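Please open the structure in your viewer and keep the selection panel at hand.

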Amino acid sequence: MSSRRSRSRQTSSSRNITDDQIHDLVSKLQQLLPEIRNRSSDKVSASRTLQETCNYIRNLHREVDDLSERLSELLATTDTAQAAIIRNLLMQ
Amino acid sequence: MDSTHSNTFQESNHKKRRKIGDLTTDQNSLNLMPWRSESDQNTYSKKLIEALRRINSPEATTTTTKPRVAGQVRETADRVLASTAKGRTRWSRAILGKWKKLRRHHMKVKKAKAGSGLNRAGIEKERLRRLPAVQKKTRVLGRLVPGCRKVPLPNLLEEATDYISALEMQVRAMTALADLLAGGTSAGIAGQVLS
């Protein structure tokens, strides 16, 4: 695995990137996307993969925004004692 | 016959040992999915809590409005996420750089348009990249991943892969934290500590 990484770095500097390598990366990306992972990944085009990737990243951003808002409300109401207890919990 | 039996026996043992190794110290699996390990998530959660407590100081909360605090939480979460990445990736360095610039200048850095960034002279055999649909989506993706507007396609795909895993971990950690803060009364949390 590490050899693949070093190879991709070398080739990117010499600009000889093959279609195969791109297909490799695209399939790795496909594995992460929940939409595509559940269906057959053979038929998914690169364009579709990119589209799903953009959608997924936007969804994750939105989730993080919602969680940030939720956390900001919770932080306002919780007191420092609870925060200390939580900290201890996480340090175990 | 004996040798084959012993070989298969050894092989099954070897597989068992390897599985246990995978859970703890397998470098390859950690490299492939760096954001999936529990230790990474714990590191992130701890740093996040410490950073959030600093925001939550009494002077700050009385003067700032709610949406601003939420924005601060988001920025903090992103910054802590980027620092947990330890500078391995382009997007993490971009987030950290953006945050430092915002602190100093309080201005958004406008990035130059990436239209001229793609050097087409060097790319001759990559038909995939020439498809207009792919190029359009590549540009959109480059805008979504921080610091990756001018990045060529294969690097962009690598960054996106890592970024997605990191975002998923961020969501998991923040969800756990929010549940912990919301669901636990002090008695409940004390009960968990003692158990």
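The stops below state what to select and what is found there.

**The two chains**

The model is predicted, and the tour begins with its chains. Select chain A. Chain A has five helices and zero strands, so that reading from the N terminus gives the pattern α-α-α-α-α. Of the 92 residues in chain A, 38% are buried. Chain A exposes about 5,700 Å², of which carbon and sulfur atoms supply 44%.

Now select chain B. Here there are ten helices and zero strands, in the order α-α-α-α-α-α-α-α-α-α along the sequence. Chain B has 195 residues, and buried residues make up 36% of them.

**Confidence in chain A**

Colour chain A by pLDDT. The average is 74, and 64% of the residues score at least 70. Which elements of chain A have the lowest and the highest mean pLDDT? The lowest mean, 49, belongs to helix α1 (residues 2-14) of chain A, and the highest, 87, to helix α4 (residues 46-77) of chain A. Select residues 7-14 of chain A, over which pLDDT stays under 50. For this stretch the model has eight contacts beyond four places in sequence. Where pLDDT is low, the predicted coordinates should not be read in detail.

**The largest nonpolar core**

Select Tyr44(B) and Trp91(B). Of the 55 residues in the largest nonpolar core, these two touch the most other members. Elements of both chains give two or more residues to this core: α2 (19-32) and α4 from chain A, and α3 (38-55), α5 (66-84), α6 (90-105), α8 and α9 (153-183) from chain B. The element that gives the most is α9(B), with 15 residues.

Remain with Tyr44(B) and display its surroundings. Not counting residues up to four places away in sequence, Tyr44(B) touches Ala77(B), Val80(B), Leu81(B), Thr84(B), Met169(B), Gln170(B), Ala173(B) and Met174(B).

Select Thr53(A), which lies in helix α4 of chain A. Is Thr53(A) buried or exposed? Thr53(A) counts as buried because its relative accessibility is 0%, under the 20% cut-off. Beyond four places in sequence, Thr53(A) touches Leu29(A) and Leu33(A) in chain A, and Leu141(B) and Ile164(B) in chain B.

Move to Thr138(B), placed in helix α8 (residues 132-144) of chain B. Thr138(B) has a relative accessibility of 14% and therefore also counts as buried. Leaving aside neighbours within four places in sequence, Thr138(B) is in contact with Leu50(A), Leu153(B) and Leu156(B). For a distance exercise, select the C-alpha atoms of Thr138(B) and Val151(B). These residues are 13 apart in sequence, and their C-alpha atoms are 9.8 Å apart in space.

**Two cysteines**

Finally, select Cys54(A) and Cys148(B). Cys54(A) is buried, with a relative accessible area of 2%. Cys148(B) is buried as well, at 0%. How many disulfides does a search of the whole structure find? Over all chains, the search finds zero disulfides.

Key:
Residues numbered from 1 in each chain as written. Chains lettered and ligands numbered in written order. Predicted model: local features only at pLDDT ≥ 70, side-chain atom pairs only at ≥ 80, totals over all residues. Heavy atoms only, no water. Helix = DSSP H or I, 4+ residues; strand = E, 2+ residues; numbered from the N terminus. Buried < 20%, exposed > 50% of the residue type's maximum accessible area, 1.4 Å probe, protein only. pLDDT = per-residue confidence, 0-100. Contact = heavy atoms within 4.5 Å. Areas by Shrake-Rupley, 256 points an atom, 1.4 Å probe, with all protein chains shown as cover. Disulfide = S-S within 2.5 Å. Core = buried A, V, L, I, M, F, W, Y, C linked by side-chain atoms within 4.5 Å.
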